[in-house]
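Hello,

I am passing a structure on to you, with some notes on what turned up in it. Please have a look at it first, and then read on below.

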Amino acid sequence: MRIAPRWNAAVAAAVLTAGLVMGATAQAEEFARSTLTVVGQGRASARPDIAMVTTGVVAAGKTAEEALAANSKAMEQVIAAIKDAGVEPKDISTSGLSVQPQYSQPGKDSREAPKVVGYEVRNAVTVTVRDLALVGSLLDKVVQAGANQASGLSFQLADASPLQLQARVAAVKDAQAQAQQIADAAGVRLVRIRRIDPRGGDNYLALPAPMPMKAEARAVPVESGEMDVRAQVSIVYEIEPR
């Protein structure tokens, strides 16, 4: 009568072992199944709706105080011109301010050390222009107000998320089309998706070259072009023979 419990325990152990072996076998078969990996590319384009303009004033003087005073006076006029062009104060920010001594250049055979002969002050502001139709006239106005430096003009999207979504959807569709084409050519069937790996996206935009600021500039032509958003997605399919 005492043998039954031992027998039951042995049976239970055997059943458990068999279950573990079957589970491991099934898992091994799962991972051993053939797969197909494809990488889809997606792209969406739109015209930018925001311009970033960086402009400023370079002024010189015999002393730092003199150079600062000249620069500040000119920058006040430039900022006033920017506001008059329709730009709100919140979209104007100082992006650079420097005071640099200027040195004399001794002759080739001179033993004299360079001496400070003056100072140069650079002050720059970055302007967010939300109406692209204003960019050309804005550049005209700041030149006439005294701006003599331009270090950047770029274009952006106020909200790139809809374009990013379009690019990702296009990338998935591209990957699906590739997978089906390859499967048809190889004589296999797509069973299911095992993994999807979005690889993000990048923004590409051809930017105009920096423009020299000249007092005689008039009606600066500006072309914003298009903003490209590109996305990649990797999809792993489980496949089987037809």
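A word on terms before the notes: helices and strands here are DSSP runs, a helix having at least four residues and a strand at least two, and they are numbered from the N terminus. Please also keep in mind that this is a predicted model.

**The chain as a whole**

The chain holds four helices and seven strands. Of the 242 residues in the chain, 31% are buried. If you take the contacts with a separation of 6 or more, 85% of them join residues 24 or more positions apart.

**Helix α4 and what follows**

Helix α4 covers residues 161–186. With 26 residues at 1.5 Å each, α4 should span 38 Å, and its end C-alpha atoms lie 37 Å apart, which agrees. Which residues of α4 are buried? They are Leu 163, Ala 167, Ala 171, Ala 175, Ala 179 and Ala 183. After α4 comes Gly 187, which has a positive phi, near 75 degrees.

**How α2 and α3 pack**

Two packed helices are described by the angle between their axes and the distance between those axes. For helix α2 (residues 64–84) and helix α3 (residues 135–145), the angle is about 155 degrees and the axes are 8 Å apart. Angles over 145 degrees count as roughly antiparallel, and α2 and α3 are therefore roughly antiparallel to each other. Their crossing is right-handed. On the α2 side, the contact is made by Ala 74, Gln 77, Val 78, Ala 81 and Ile 82, and on the α3 side by Leu 138, Lys 141, Val 142 and Ala 145. Sorted by class, this contact has seven nonpolar residues, one polar and one charged.

**A residue to look up: Ala 67**

Ala 67 is also part of helix α2. Is Ala 67 buried or exposed? Its relative accessible area is 0%, so Ala 67 is buried. Setting aside neighbours within four places in sequence, Ala 67 is in contact with Ala 59, Ala 60, Gly 61, Tyr 119 and Val 121.

Key:
Residues numbered from 1 in each chain as written. Predicted model: local features only at pLDDT ≥ 70, side-chain atom pairs only at ≥ 80, totals over all residues. Heavy atoms only, no water. Axes fitted to C-alpha atoms, helices over the stretch in contact; angles between N-to-C directions. Parallel < 35°, antiparallel > 145°, perpendicular 65-115°, else oblique. Left-handed = near helix turned anticlockwise from the far one by under 90°. Contact = heavy atoms within 4.5 Å. Nonpolar A, V, L, I, M, F, W, Y, C, P; charged D, E, K, R; others polar. Expected span 1.5 Å × (residues − 1). Buried < 20%, exposed > 50% of the residue type's maximum accessible area, 1.4 Å probe, protein only.
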